[in-house]
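Okay everyone, thanks for coming.

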Amino acid sequence: MPVKRVDKTPMPVREPSMRAHDFEEVNEGYCFSHAMFEAERCLRCQDPVCIDGCPVRVPIADFMHAVAAGDLPKAAELLRTANPLAAICGRVCPQEAQCEANCHMTKRFGPVAIGHLERYVSDWEMEQPLNDEVAKPRREEKIAIVGSGPSGLVCAGELARMGYVVTVFEALHAPGGVLRYGIPEFRLPNSILDWEIQSLERLGVEFVNNVIIGKTLKLEQLFGEMGYKAIFIGTGAGLPKFMGIPGESLNGVYSANEFLTRINLMQAFEFPQSETPLSVGKRVAVIGSGNTAMDAVRSALRLGAEKAMVVYRRSEKEMTARIEEYEHAIEEGVEFHWLTNPIEVLGEDGWVTGLKCLRMELGEPDESGRARPVPIEGSEFVFPVDNVVLSIGTRPNPLLHKATPELKTHSWGGLLVDERQVETTVHRVYAGGDAVTGAATVILAAGAGKRAAEAIHADLTSDREEAGKAAN
Amino acid sequence: MVKIVEKRPLTPITRLYRVYAPLIAKAAKAGQFVIVRVREGGERIPLTITDYDRESGLITIVVQEVGATTRRLGELQEGEEILDMVGPLGEAPEIPGGGHIVGVGGGYGSAALLCLMRELKERGENTTIIMGAREKSLLILADELNDICSHVEICTDDGSAGFKGFVTERLQQMIDGAPPGPPDFVIAIGPMPMMRAVEKTTRAAGIANTASLDPLMIDGTGMCGGCRVTVGGEVRFACVDGPFFDAHEVDFDEAVSRSKMYVKQEQKAAACQRSAAGAA
Ligand SMILES: Cc1cc2nc3c(=O)[nH]c(=O)nc-3n(C[C@H](O)[C@H](O)[C@H](O)COP(=O)(O)OP(=O)(O)OC[C@H]3O[C@@H](n4cnc5c(N)ncnc54)[C@H](O)[C@@H]3O)c2cc1C
Ligand SMILES: Cc1cc2nc3c(=O)[nH]c(=O)nc-3n(C[C@H](O)[C@H](O)[C@H](O)COP(=O)(O)OP(=O)(O)OC[C@H]3O[C@@H](n4cnc5c(N)ncnc54)[C@H](O)[C@@H]3O)c2cc1C
Ligand code: SF4
Ligand code: FES
């Protein structure tokens, strides 16, 4: 087949004017011919460097080959072996900073659309008929997973495949972590997460919602009376930071987590049929520039805000959101105010009326190496707004390690792990994902879950051998 | 799913439920709470663990029907199940021993004081509960409380039982020396205006006072910050740092204002519920 030196096949998307008013998925997905055409763009490099950009080393070149040959079952198999959450990662990975950044086509024509193809193949896989047999564990050892975000889901799946008895404990009433309560359906429909969870259930994984480890059950109970042999902690970094500026507790001010949880987990967009309310006015300011900020500001538009804006103290260059979300936000009419630092939320009768800001300019680089934003003297001004949503970061939740003092953490709250990057300071308690790294990405959490599963298997195997020797 | 083993009315708008939740019963401490979701699409609401029995695995909750979710819960019958319940949440309050400990309860608050007061009695403390209601028929669990407190002081607005007047007036009399005597430590659980009035009274008399704040909550794990309250000038999350805080340090103005955030929506939800009930 001739290699096609043409531009990246664009993702079909819904009209901005339509999609900005509902929660249906924005990206429509490739059709078969798009996928074939795009896979043909892969140069079959002798030295495929794309794989080095992928935290879980999806064998991208082989995958492209399989797609181009129309062998979707093989493509799906390659993908799923390396990345159990491919349908999700195809949608939410920052490909432009990972696999696609390394692609040899990137400079001249734009990268091969690795993410879009990953999504295409996974979506195809989800449409295939399933056998609804539930696998039976082949081993006796029970393993407990704490938290059902991507790290917990992947760790559970890998261990179930190895034959262990796996239980996932989740604090909320529905599994998925940020994939459920954070990322909105217009980017990641719940049906996809549900499919992933059902696949795990078919592998024999048991999901127990409404259990908070550290509150409902302690780690020592899981080991003791409940007989678990190893525990994986994937509790994420869900604790929202506030800025500490005046007016943050006025009505109409939300953390992005609260705003998005009301929408995604509690379905506030269907109020009053669903009973959790949300108060969205005509003008909404979101502070921050990550994926969370984009999700919040675009959700505000969808809930009827006429003016939805992002306010960020650094410049566009320092924005941390996926590029696709930024572009989609602009198409949908989101305003961006860069180099603008909020210093006070103004209010009247307990309700937000404005956001007082300072204009900034870029100065010398700071500790992070990024240009430090410095205030411009006398540049104070006010955005009249009805809501302020704070999206300035999150920290690991201290709840579990407060209840388990042996579980040691960094001063910023991340769990300490061993040189293998998996085991915590408590024997046979492993951890991964945002709980260890601080807020990061789905694929890094997924990778950590996989690494922990391998370590758990290795450690329990050696425990078994030790026990065998001792018995002889 | 959590099964309702027993349900009984305490007043026309307050019901007591005993539900089978063995893990929660096993871990619960007096003063902690649960979050429940009654049905698919329903809100998550916090409710105090009024009592627990580790052996039978039952916990008791007492619910005052004030809006859509609490009424929806009231529609469930014995033998039926509550969709979701998670807990125990929050921290048990630290109550210094040795002195005269007075619990002040209004609304569901008297029930919420039940196992806390019993625990104090078991610790050998001298305890009094002051419970208030508009009228006699709205008093809850007076007999049960009578068994576990050294003294029970009943106040009704209309004088239909006990002292005629507000709980704070009775509290003031005790501070001034009326039997059973001045408190050394006060625990307030009830409607925000009541806790605030109690705080004012204890502050003037220089008496330590803890209050169980009841802001709106969602997750109850520290993930949303919706339950934030300002205490001693600092932002605290009531679901994980509370619900008990030093009442003298609480910014009640802010807490009251935040509790009214969704009044309009709550009315809409209640109307929607009524029209659905009418149609059925
Ligand atoms: C709004 C938003 C948008 C994002 N967008 C992207 C994106 O586009 N691309 C990307 O790669 N990344 C994105 N991220 C980041 C990504 O979602 C996270 O890095 C990832 O979900 C972390 O996974 P995790 O497994 O560590 O934990 P989480 O997903 O945080 O899940 C942790 C789970 O553990 C549960 N839990 C916590 N404590 C306990 C306990 N004690 N007992 C039981 N359960 C507990 C929590 O309820 C939660 O369900 C986004 C994050 C947010 C908030
Ligand atoms: C830690 C904690 C423990 C609690 N324990 C109990 C308990 O043991 N028994 C009990 O009956 N209630 C308790 N509550 C209060 C209970 O959670 C609310 O009454 C409930 O959320 C109301 O939901 P709703 O949908 O029925 O009413 P809504 O429609 O939400 O509200 C109806 C009316 O009730 C008022 N209201 C709403 N939330 C609260 C609140 N948190 N406190 C007081 N008034 C409120 C509203 O302003 C409105 O006027 C507790 C709250 C907290 C935070
Ligand atoms: S998992 Fe993410 S980084 Fe890896 S190939 Fe897929 S899209 Fe790229
Ligand atoms: S209820 Fe969400 S942080 Fe307290």
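Before we start, one term: when I say polar contact, I mean a pair of N or O atoms within 3.5 Å. And keep in mind that this is a predicted model.

Let's begin in chain B, with ligand 2. A nitrogen atom of this ligand sits 2.8 Å from a polar atom in the side chain of Thr48(B), so that pair falls within the 3.5 Å cut-off. Then there are oxygen atoms to look at. For Thr70(B), a side-chain N or O atom is 2.5 Å from an oxygen of ligand 2. With Gln64(B) it's the backbone instead: a polar atom there is 2.7 Å from a ligand oxygen.

S4(B) has the largest share, with 4 residues. In total 21 residues surround this ligand, and Pro46(B), Val62(B) and Asp214(B) are among the closest. By type, the shell splits into 12 nonpolar, 6 polar and 3 charged.

Now over to chain A and ligand 1. Here 33 residues make up the surroundings, with Ser151(A), Arg187(A) and Asp434(A) among the closest. Glu170(A) uses its side chain, where an N or O atom is 2.7 Å from a ligand oxygen.

Taken alone, ligand 1 exposes 1,000 Å², and the protein buries 94% of that. Which elements give two or more residues to this shell? They're helices of chain A: H8 (150–161), H13 (291–302) and H17 (442–471). H13(A) gives the most, 3 residues. The shell comes out as 15 nonpolar, 13 polar and 5 charged.

Last stop, ligand 3, also with chain A residues around it. Its neighbors include Cys54(A), Cys93(A) and Cys99(A), along with Ile60(A), Ile114(A) and Ile443(A). Asn83(A), Gln95(A), Gln98(A) and Glu118(A) are on the list too. That shell divides into 7 nonpolar, 3 polar and 1 charged.

Notes:
Residues numbered from 1 in each chain as written. Chains lettered and ligands numbered in written order. Predicted model: local features only at pLDDT ≥ 70, side-chain atom pairs only at ≥ 80, totals over all residues. Heavy atoms only, no water. Near = heavy atom within 4 Å. Polar contact = N/O pair within 3.5 Å; in protein donor to acceptor, adjacent residues only side chain to side chain. Nonpolar A, V, L, I, M, F, W, Y, C, P; charged D, E, K, R; others polar. Areas by Shrake-Rupley, 256 points an atom, 1.4 Å probe, with all protein chains shown as cover.
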